[in-house]
Amino acid sequence: MTLSPYTHVTLSMEPKSTPYVGVSFHTPDLRVRAGLLLSSPRPYLELHSHEANVHISTTGAGPVTDADLNIAREIFNAAARYLAECEQLHAEQSAEDSTDPVA
């Protein structure tokens, strides 16, 4: 079953609890960019679609900390794993499509 592209955003607010926001992008319209904000120099990473956007930057919008470096490395490693999985599955699906007599 294949769904149409979509972006899913949830907000949970419970009494005496920290609010929780979840964003799931399931769209080819997702855009990703990174750069340096020159006004306070700090790096940022942005993921956005027509329905939602997510900005990631340094702790408290301040100087880069050791924790910020660790998070940036985790993002990098996760993105590399995501790319590898996408490439592998795409190759497998393309191979299946080329051998499927119904396709």
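User: How many bridges join strand E4 to strand E5?

Analyst: In this predicted model, strand E4 covers residues 42-48 and strand E5 covers residues 53-57. E4 and E5 form a hairpin with four residues between them. The two strands run antiparallel, and the number of bridges joining them is five.

User: Which residue in E5 stands opposite Glu46?

Analyst: E4 and E5 are antiparallel strands. Across this pair, the residue of E5 that stands opposite Glu46 is His55.

User: Which residue of E4 is the bridge partner of Leu36?

Analyst: Strand E3 (residues 31-37) runs antiparallel to E4, and seven bridges join them. E3 and E4 also form a hairpin, with four residues between them. The bridge partner of Leu36 in E4 is Pro43.

User: Which strands each supply at least two residues of the nonpolar patch?

Analyst: The nonpolar surface patch, about 470 Å², is made by Val9, Leu11, Met13, Val21 and Val23. The strands that each supply at least two of its residues are E1 (6-12) and E2 (20-26).

User: Which residues form the negative surface patch?

Analyst: One member, Asp97, is found in helix H1, which spans residues 66-99. Together, the residues that form the negative surface patch are Glu85, Glu92, Glu96 and Asp97.

Notes: Residues numbered from 1 in each chain as written. Predicted model: local features only at pLDDT ≥ 70, side-chain atom pairs only at ≥ 80, totals over all residues. Heavy atoms only, no water. Patch = residues over 30% accessible without salt bridge, like charges linked within 9 Å, V, L, I, M, F, W, Y side chains within 5 Å. Areas by Shrake-Rupley, 256 points an atom, 1.4 Å probe, with all protein chains shown as cover. Salt bridge = Lys/Arg side-chain N within 4 Å of Asp/Glu carboxyl O. Lys, Arg positive; Asp, Glu negative; His and termini not counted. Charge placed at Lys NZ, Arg CZ, Asp CG, Glu CD. Pairing = 2+ DSSP bridges.
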